[in-house]
Amino acid sequence: MRCLKRVAMLVVVVAAGCATIRPDATPVDLAIDNVTVIEPGSGRVLPEHSVYISGERIVAVLPARRGAAYAAAHVVDGTGKFLIPGLIDMHVHLFLPEPAPLGMNALLANGVTGIREMSSDCWAAAGAKKGCVAEYRALQTKVRSGEVPGPDLLALTSTMVMGPTRLKLPPTAPAFITPVTAEQGRELVRHLAERGTELIKTHDSIPAPAFAAMMGEANKLGTALGGHVPFAAGALGAAKLGYRSIEHARDLLYDCSRYGPDFRREEAAFAAGTPNSVRPQSLERLQRTVAQFDQILCAEMLRQLASTGVYYTPTHVTREMEARAGDAAYRADPARRYVARDRNKRWEADLQETAALPSAERGALRAFFEHGLRITGLAHGAGIPIMAGTDANDTMIVPGFSLHLELELLGRAGLSNLEVLRAATVVPARYLRRSDLGGIAAGKRADLVLLRADPLADVRNTRAIEAVLARGRLRTRQDLDALLAEAERIAARP
Ligand SMILES: [Zn+2]
């Protein structure tokens with residue numbers, strides 16, 4: 001049922017079946033009428049409700065019959081449909097200057113209305129000129145003004161900070177870029193804070209003194225560190241210093257294993273360039289991490305980790321790629337048509353390399369992936385906030401489409417369908433300290449996804465997208481398909 005409600009002077013035109021609009025009704029831009037509203041935060045499900053939107057904001061959420069107080073210029077019939085908050089992918093790489101529509105269109109068409117961009121700057125101090133923070137800020141402004149369709153870039157991230165054994169700099173670059181000493185760590189954080197991203201991303205190779213000093217300086221300046229936990233610190237050690245966000249299903253696996261301390265010591269020694277140090281072999285790392293899993297050690301570590309307030313973004317889809325690189329059906333993912341040809345080529349090389357590993361290692365990668373799901377379930381059970389993130393644009397991680405795969409994997413890890421929805425809505429909103437995101441209520445931003453089927457019955461129903469609202473702007477299925485068609489055209493260019 002589609003009904004147009006308009007107020008003209010005191011004459012009220014109402015199509016049959018709609019609530020009668022009062023003459024004093026407040027005009028609003030848009031109504032989603034008679035829909036089942038799912039509020040992940042409270043877990044409340046409100047059947048037969050109407051959501052009224054003006055500009056970027058939700059004005060009211062009311063039982064459909066009581067909506068007569070609002071007169072909407074445009075009405076979307078939500079009968080038999082489900083409304084959830086817009087999805088947030090907390091780990092995305094846009095890799096500018098790649099043409100924005102490639103990633104952005106596919107994200108929006110998949111109901112993703114917000115992202116945390118995870119490498120939004122370059123090493124300008126070392127002479128880099130492309131993919132620097134100004135480009136990301138410019139894109140963010142264009143998205144917010146409506147000039148470029150796509151999810152809001154809710155947070156930007158520095159380029160990855162690595163130790164000097166992993167990143168070779170031109171001789172003219174300042175030494176603090178690859179920090180070793182405490183003073184270099186502090187200097188680097190001051191430099192990065194000035195460049196203005198919301199998160200400083202760390203690599204696991206940062207030496208201990210530099211990392212501890214970085215954390216201290218970041219806490220002082222009110223900026224945050226997250227990413228790959230430095231080997232020298234460990235997840236709990238980093239989180240106790242105030243580390244904000246652990247990325248990827250690796251670090252918690254190490255720290256849930258009796259092998260963890262040995263592994264971290266060897267890796268840290270190698271990263272620090274200690275003479276005669278040897279990096280653990282990949283097969284040994286994978287096998288011993290899983291085989292020496294210790295339930296009691298793990299439970300105690302996770303219990304303490306939960307009290308630090310750190311967030312966890314496991315990006316299981318990236319571990320799934322390693323587990324399934326040789327699987328022809330997996331590689332034939334039709335969503336790859338939205339990915340640029342040269343990127344697809346690089347993915348193919350990565351897939352081939354992984355698929356060509358000895359069978360023992362491929363088996364170990366599969367076990368590591370499955371073990372990661374188990375650890376996420378335990379972390380969630382311990383009260384660590386889990387966030388949905390994909391590492392979009394990494395090998396086989398198609399922007400947008402991959403988020404729905406990650407949601408399904410979070411379900412396999414043991415989160416209920418409601419908890420899975422929270423991981424892509426209310427939990428990221430809390431991480432971002434954005435009370436206007438992640439929910440459906442008066443005053444919240446109108447970032448919404450209209451679904452044809454109930455995601456609480458089957459979480460895969462987050463893919464049954466009928467329409468998306470981003471900052472109040474409605475895009476129907478037809479509009480979303482047009483965005484995808486554009487991405488496909490651009491991706492096919494040589
Ligand atoms: Zn990443």
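A crossing of two helices is left-handed if the near helix is turned anticlockwise from the far one by less than a right angle. With this in mind I opened the structure, which is a predicted model.

**Entry 1: α1 and α17.** I looked up helix α1 (residues 100–109) and helix α17 (residues 477–492), whose axes come within 9 Å and cross at roughly 155 degrees. Angles over 145 degrees count as roughly antiparallel, so α1 is roughly antiparallel to α17. I noted the crossing of α1 and α17 as left-handed. On the α1 side, the residues in contact include Pro101, Leu102 and Asn105; on the α17 side, they include Leu480, Leu483 and Glu486. I recorded eleven nonpolar residues, one polar and one charged in this contact.

Entry 2: I found a cis peptide bond between Leu96 and Pro97, with omega at about 10 degrees. Pro97 belongs to the loop between β8 (87–92) and α1. Most peptide bonds are trans.

**Entry 3: α13.** Helix α13 (residues 359–382) has 24 residues and spans 34 Å from its first C-alpha to its last, close to the 34 Å expected. I listed its buried residues, among them Phe368, Phe369 and His371. The buried residues of α13 pack against several elements, including α6 (251–255), α8 (282–291) and α14 (401–413). Just after α13, Gly383 has a positive phi of about 100 degrees.

Entry 4: Asn393, in the loop between α13 and α14, has a positive phi of about 85 degrees. Asn393 counts as buried because it has 23 C-beta neighbours inside 10 Å. Arg471 has a phi near 50 degrees and lies in the loop between β16 (465–470) and β17 (473–476). With 19 other C-beta atoms within 10 Å, Arg471 is partly exposed.

Key
Residues numbered from 1 in each chain as written. Predicted model: local features only at pLDDT ≥ 70, side-chain atom pairs only at ≥ 80, totals over all residues. Axes fitted to C-alpha atoms, helices over the stretch in contact; angles between N-to-C directions. Helix = DSSP H or I, 4+ residues; strand = E, 2+ residues; numbered from the N terminus. Parallel < 35°, antiparallel > 145°, perpendicular 65-115°, else oblique. Contact = placed C-beta atoms within 7 Å. Nonpolar A, V, L, I, M, F, W, Y, C, P; charged D, E, K, R; others polar. Expected span 1.5 Å × (residues − 1). Buried ≥ 20, exposed ≤ 12 C-beta atoms within 10 Å, placed from the backbone.
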